[in-house]
Amino acid sequence: MEQKRGKFSGKIGFIFAAAGSAVGLGNIWRFPYLAAKYGGGIFLLVYLILVVTFGFALMVAEVAIGRKTQLSAVGAFGKLNQKFSFLGYLASVVPMIIFPYYCVIGGWVVKYLSVYVSGQGLAAAQDGFFEGFIGKPVEPILFLAVYVGITALIVFLGVQNGVEKASKIMMPVLAVLALGVAVYSVTRPGALDGVKYYLIPDFSRFSPMTVLAAMGQLFYSMSLAMGIMVTYGSYMKKEDDLEKSVKQIELFDTGMAFVAGMMIVPAVFAFSGGDEAALNKGAGLMFVTLPKVFADAGTLGLIFGGVFFVLVLFAALTSSVSLMETVVSIFQDKFHWSRKFTCTLVMVGCLLLALPSSLGYGLLSWIAPLGFSLLDFFDFISNSVLMPIVAFLTCIFVGYIVKTKAVEDEVKLSSPFKREKLFTVVIKYLAPVCIVLILVTSVLDALG
Ligand code: PHE
């Protein structure tokens, strides 16, 4: 059964695979719009604190559980304690919710790429272009289908056939390019207010919702609380330095998110003065703001835009491949279906489940659970409800059932565990208490 899952070569392989899963639309599309919406600097600050505490502890725990049991999530929790196999199943529900709507956004990226390649980058910078596109019934679904098709093809052919190698080149290039766009953005007239908004915390904007949003983003961005890192941990060699690898992935992931925020938030101020409505654009922010930045830079900017969307597409694909791979391996492990059949089934299932999210901005816009568009609603359920619950249970599991020592011993197989104290305190006390507090206050908030 093990062989059917994609394997990665060596330590660099693990880091790149995990970083490939982590760095994606979460960093480039999701992080900037949340930062813009939830008060800029205060969101960034809360996020960074969570990265070095919750993020670190949870990622170490998940990778260690995977490496210890040599199993993916569904089997891993159950192997350590029979009563907790349900946690593996619960964690598996998350990628099944995320994967379809992730592909909807992936489809938008393909659309923008095609717009730039066909030389229509200027049109994309017009007000209303994005809304016009996502409001249509058919076109976004076609792009969605293209995106799902590419993802399925990669998963079917296997991760080692090129994707691993390609991501070693593409990801650093994306980082450099994003940095270039960020420098261009912050030097636009009027952007300085945006830089201040993004970097200087305004404590009056703090609310439990800020923490919940930051926490959901943390799980999402680092591909935590859904079993993915458990699976990747099972591919890691015993002699690899687990703690160091986790830190490297965190650094790269957070660095990318930070830079993406720098390229988008100041640009919102430069091009629309930073009024609340512009900052509150939500899911569309990247698609509305970036085209304005590219158009502002003239012909060169439009060419740049094309290259940029190729790289974003690539980052998105490595993430959606990890999402689909997880879903496929869950079904394969459970039902022992062939890989071809399972891939086809998951692909078709994904397309069907993605339809409501895609149509939620047009035909189905009258359905607005809790005031969310359908896509935002699925995003909310997975990131702000299910993932905190899975994270909470993982903490309880590691802290009190198998005990932190089991994980610590696994980490120490290769090298001393430098942040052991921090790890123990976060897993046993800090994370569980905070997650419950935040979850309860924000659910009350959302309902009230
Ligand atoms: N972490 C990915 C991103 O930032 C998204 C993702 C979430 C991938 C969950 C896999 C699992 O885009």
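Helices 1 (10-22), 2 (25-37), 5 (85-117), 11 (208-221) and 16 (298-335) each contribute at least two residues to the shell around the ligand, helices being DSSP runs of H or I with at least four residues, numbered from the N terminus. This is a predicted model, in which local features need pLDDT of at least 70 and side-chain atom pairs count only at pLDDT 80 or more, while totals for chains, interfaces and linings use all residues. Residues are numbered from 1 along each chain as its sequence is written.

**Ligand shell**
- Of the 16 residues around the ligand, those that come nearest are Gly24, Leu25, Gly26, Ser223 and Ser319, a residue being counted if its C-beta atom, placed from the backbone, lies within 6 Å.
- By class, the shell has eight nonpolar, eight polar and no charged residues, where Ala, Val, Leu, Ile, Met, Phe, Trp, Tyr, Cys and Pro count as nonpolar, Asp, Glu, Lys and Arg as charged, and the others, Gly among them, as polar.

**Burial**
- In helix 10 (residues 191-199), the buried residues are Ala191, Gly194, Tyr197 and Tyr198, buried meaning that 20 or more other C-beta atoms, placed from the backbone, lie within 10 Å of the residue's own.
- Val51, found in helix 3 (residues 41-69), is likewise buried, with 21 other C-beta atoms within 10 Å.
- Val51 and Thr254 are 203 residues apart in sequence, yet 7.9 Å apart in space, C-alpha to C-alpha.

**Helix packing**
- The axes of helix 8 (residues 139-157) and helix 16 come within 9 Å and cross at roughly 65°, the axes being lines fitted to C-alpha atoms over the stretch in contact, with angles from 0 to 180 degrees between N-to-C directions.

Conventions. A residue is buried if 20 or more other C-beta atoms lie within 10 Å of its own, exposed if 12 or fewer, and partly exposed in between; C-beta atoms are placed from the backbone.
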